[in-house]
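Here is a friendly walk through one structure, with the cut-offs stated as they come up. Please have a look at the sequence and the model first.

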Amino acid sequence: LEEARSRTDGAPWACYEPSMTGGSPLEQELREAIRKSQLRLLYQPIVALPDGDLAGVEALVRWAHPGRGTLDPDAFIPLAERIGVIGDLGRWVLREASAQAARWQRRLPALQLNVNVSPRQLDEDGFAAQVLAILDDTGFFPGNLVLEVTEGAVIGERASVAQLAVLSNAGIRIALDDFGTGYSSLRYLARLPVDVLKLDRLFVAELDGTSRGGAVAQAVLRLGQILHLDTVAEGVESEAQARELTILGCHKAQGFHYAHPLTPADLQRWLPAGDLS
Ligand code: C2E
Ligand code: CA
Ligand code: CA
Ligand code: CA
């Protein structure tokens, strides 16, 4: 299906920019939202197990829509990908998040910043160069950036792999997001310069103390250990899950048990005291 879709996107009869032909109201609004800075970032803490110390944050985008209130990414990221503005959106997210995190690092130098990257962004030539230029502008150290990629048909392609290799060589770390949910996750492990596995919350939810329930989580974490990868569990909602993940050797955790995605002002309370000016 994904392949069929990208073939259609590239077809000559489909090459009109939606802006030329009108497009849906939401489409027009999304183009404007990026220009008029109606996008916001929330930051969800990622903590070290078992002590719960702040290790990093994941930037999660929101759209402060003038009429509809705050929209979650699931309501507009697929649209942004479809109408070809995901590149602009992604550059805005990286610039905003790295500028913010550079300020926080004055209080917590080891703070990691995780930023989500759509497979579509990796399609664009120059993606790697743009990422490095933005980090240069904002003064954010590449070694503290983690790019979270989800698998999509395109990620296996040679050009995308080459872009990730450039970023990896610059010290940026690559995380496989929602690990375990895709049919070809294991194949990506061999093809991409992966540093981090993010165990999908589906498998964390199954950690109910029975041996069957934790089977996938256990297998993924074991795989991470064998390959010497950093492991992060997503969607941790209870102390029991945190305890079980610790026993299974998971390095880090993220979820409502620790904190929801926070505004920059609220995230600041997680940092040691100090000057942020
Ligand atoms: P994701 O990367 O898997 O992000 C984690 C999602 O799980 C977030 O939803 C977060 O709010 C939610 N979550 C965190 N802890 C818990 C928990 O304990 N329980 C449950 N049930 N959920 C939890 P959110 O913010 O709505 O983001 C949804 C997706 O949108 C993200 O999934 C990511 O794929 C995408 N996304 C977010 N920001 C960006 C962005 O800047 N660029 C791109 N390309 N995609 C983004
Ligand atoms: Ca993510
Ligand atoms: Ca995820
Ligand atoms: Ca997800």
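## Ground rules

A residue is called buried when its relative accessible area is under 20%, exposed when it is over 50%, and partly exposed in between (1.4 Å probe, protein chains only). Helices (H or I, at least four residues) and strands (E, at least two) are DSSP runs, numbered from the N terminus.

This is a predicted model, in which local features need pLDDT of at least 70 and side-chain atom pairs count only at pLDDT 80 or more, while totals for chains, interfaces and linings use all residues. Residues are numbered from 1 along each chain as its sequence is written, chains are lettered from A and ligands numbered from 1 in the order in which they are written, and side-chain values use heavy atoms, with hydrogens and water left out.

## Aromatic pairs

Rings of Phe, Tyr and Trp (its six-membered ring) pair if their centres lie within 6.5 Å; planes under 30 degrees apart count as stacked, over 60 as edge-to-face and the rest as tilted. By this rule there are 2 aromatic pairs. Tyrosine 43 and tryptophan 104 make an edge-to-face pair, with 4.8 Å centre to centre and 80 degrees between the planes. Tyrosine 43 belongs to strand β1 (residues 39-48) and tryptophan 104 to helix α5 (residues 86-104), so the pair ties together parts that are 61 residues apart in sequence. Tyrosine 43 and tryptophan 104 are both buried.

Tryptophan 63 and phenylalanine 76 have ring centres 5.7 Å apart and planes at 80 degrees, so this pair is edge-to-face. Tryptophan 63 sits in strand β2 (residues 54-65) and phenylalanine 76 in the loop between β3 (69-71) and α4 (77-82), so parts 13 residues apart in sequence are tied together. Tryptophan 63 counts as buried at 0% relative accessibility, and phenylalanine 76 is buried with a relative accessible area of 0%.

Donors are N, O and S atoms within 2.8 Å of the metal (3.2 Å for Na, K and Ca); water is not among the atoms, so sites may look incomplete. Aspartate 177 lies in strand β6 and glutamate 234 in the loop between β8 and α12, so the pair ties together parts that are 57 residues apart in sequence. Both aspartate 177 and glutamate 234 are buried.

Which residue bridges the calcium ion (ligand 4) and the calcium ion (ligand 3)? Aspartate 178 does, and these two ions lie 3.9 Å apart. Aspartate 177 coordinates both the calcium ion (ligand 3) and the calcium ion (ligand 2), which are 3.9 Å apart.

## Helix α8

Helix α8 (residues 158-169) has 12 residues that should span 16 Å at 1.5 Å a residue, and its end C-alpha atoms are 16 Å apart, which agrees. The expected span is 1.5 Å times one less than the number of residues. Ser160, Val161, Gln163, Leu164 and Leu167 of α8 are buried. Seen down the axis of α8, these buried residues fall within an arc of 160 degrees, so they line one face of the helix; the arc is that of the directions from the helix axis to the C-beta atoms. On the other side of α8, Arg158 and Asn169 are exposed.
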